[in-house]
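Welcome! Here is a friendly walk through one protein model, with a few stops along the way. Have the sequence and the 3D view ready.

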Amino acid sequence: MKIGLFIPCYIDAFYPQAGIATLELLEKLGQDVEYPLDQTCCGQPMGNSGCNSDAAAAEALFVRNFARFDKIVMPSGSCTHHVRDNFDAIPQTDEVRHVRENTYELVEFLHDILKVEEFPWAEFNHTVGLHNSCGTLRSLRTASMSELGEKPFSKPMDLLTKVKGIRFATPKRPDECCGFGGTFSVTEEAVSARMGVDKVRDHYQAGAEYIVSADSSCVMHQQGCAERAGIPIRFIHIAQILNGARS
């Protein structure tokens with residue numbers, strides 16, 4: 001497969017180490033990966049804010065960049081959800097449909113497409129709490145939802161259990177929203193911040209040294225909440241752990 005790598009705006013600006021880890025991890029797994037240099041935003045912020053037509057230019061550029069690839073992979077559940085389910089500000093050509101049908105979040109690509117069974121280079125001797133974003137949980141279905149009372153499953157946990165030395169802490173409310181919600185954290189700042197502190201404290205009280213997630217947007221929100229509340233917990237993207245980061 002020829003893989004097109006998309007790195008979301010906020011990872012490029014604030015968490016480049018997560019983007020680098022994604023590239024290195026895919027290459028370690030034998031994938032032919034290319035990073036189109038003129039990529040920008042996928043258009044999600046405009047779409048989420050109800051300004052759908054304003055996302056058209058970003059969506060069109062995304063298609064021009066990625067239509068030639070077999071698969072498009074990105075370390076973000078929310079951006080994947082936008083491309084796959086809400087990418088409709090532009091005419092639905094064959095190229096657009098190809099992009100929408102072949103875009104994957106990193107965890108689901110590793111779990112469902114590559115079916116990775118081991119990460120022999122990975123070792124993480126810390127206790128982690130897993131945060132599944134609302135986008136990955138309820139849109140991409142990378143894990144079970146407690147409100148459905150369904151049989152438990154977790155694709156990110158399946159991958160993390162293959163890492164040597166890692167230990168897990170389970171918060172009381174494992175699939176509760178952290179309060180980020182994109183523009184929700186701007187329009188409802190007080191509610192968002194309280195939800196973030198509650199989420200971080202739940203993980204910390206469960207014994208987590210790190211909160212690990214497949215979405216750096218949630219990580220960014222929770223990290224800010226933790227720092228302001230004085231909660232001594234660290235944060236890391238799942239790609240970094242699977243790529244071999246030790247801390």
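Glu117 sits in the loop between α7 and β5; helices here are DSSP runs of H or I with at least four residues, strands are runs of E with at least two, and both are numbered from the N terminus. With a relative accessibility of 61%, Glu117 counts as exposed. The terms work like this: buried means under 20% relative accessible area, exposed means over 50%, and partly exposed is in between, using a 1.4 Å probe and protein chains only. From Glu117 to Tyr10 the C-alpha atoms are 30 Å apart, and 107 residues separate the two along the chain.

A word on the model itself: it is predicted, so local features need pLDDT of at least 70 and side-chain atom pairs count only at pLDDT 80 or more, while totals for chains, interfaces and linings use all residues. Residues are numbered from 1 along each chain as its sequence is written, and side-chain values use heavy atoms, with hydrogens and water left out.

**Backbone and surface**

Lys115 is also found in the loop between α7 and β5. Its phi is positive, about 50°, although Lys115 is not a glycine. Most residues other than glycine have a negative phi. Arg141, in the loop between α8 and α9 (155-160), likewise has a positive phi, near 60°. The table sets out how accessible some residues are.

| Residue | Relative accessible area | Class |
|---|---|---|
| Lys115 | 54% | exposed |
| Arg141 | 25% | partly exposed |
| Arg201 | 34% | partly exposed |
| Leu137 | 0% | buried |

Arg201 belongs to helix α11 (residues 189-205). Leu137 has its place in helix α8, and its C-alpha atom is 9.2 Å from that of Ser154, 17 residues away along the chain.

**Aromatic rings**

How many aromatic pairs does a search of the whole structure find? There are eight. Rings of Phe, Tyr and Trp (its six-membered ring) pair if their centres lie within 6.5 Å; planes under 30 degrees apart count as stacked, over 60 as edge-to-face and the rest as tilted. Phe119 and Trp121 are edge-to-face because their planes meet at 80°, with the ring centres 6.3 Å apart. Phe119 is buried at 2% relative accessibility, whereas Trp121 is partly exposed at 25%.

Phe124 and Tyr210 also make an edge-to-face pair, since their planes are at 65° and their centres 5.1 Å apart. Phe124 lies in the loop between α7 (106-113) and β5 and Tyr210 in strand β7 (residues 210-213), so this pair ties together parts that are 86 residues apart in sequence. Both Phe124 and Tyr210 are buried.

Elsewhere, Phe6, Phe62, Phe66, Phe69 and Phe87 form one aromatic cluster. A ring can have a charge over it too: the charged end of Arg84 sits over the ring of Tyr104, 5.7 Å from its centre. This requires NZ of Lys or CZ of Arg within 6 Å of the ring centre and within 35 degrees of the ring normal.

**Pockets**

The largest pocket has a volume of about 530 Å³. A pocket is an open set of points on a 1 Å grid over the protein atoms alone, where a 1.4 Å probe fits, with protein on both sides within 12 Å along at least five of seven lines; lining residues have an atom within 4 Å of a point. Its volume is the space filled by probe spheres set on the points, which are joined across faces, edges and corners.

Of the 27 residues lining the largest pocket, Gln44, Asn48, Ser78, Phe180 and Gly182 are closest to the centre. Which helix gives the most to this lining? That is α5, with four residues. By class, the lining has 13 nonpolar, 13 polar and one charged residues; Ala, Val, Leu, Ile, Met, Phe, Trp, Tyr, Cys and Pro count as nonpolar, Asp, Glu, Lys and Arg as charged, and the others, Gly among them, as polar.

The second largest pocket holds about 310 Å³ of space. Its lining has 18 residues, with Leu130, Asn132, Ser154, Met157 and Pro174 nearest the centre. Strand β5 (residues 127-131) supplies the largest share of this lining, three residues.
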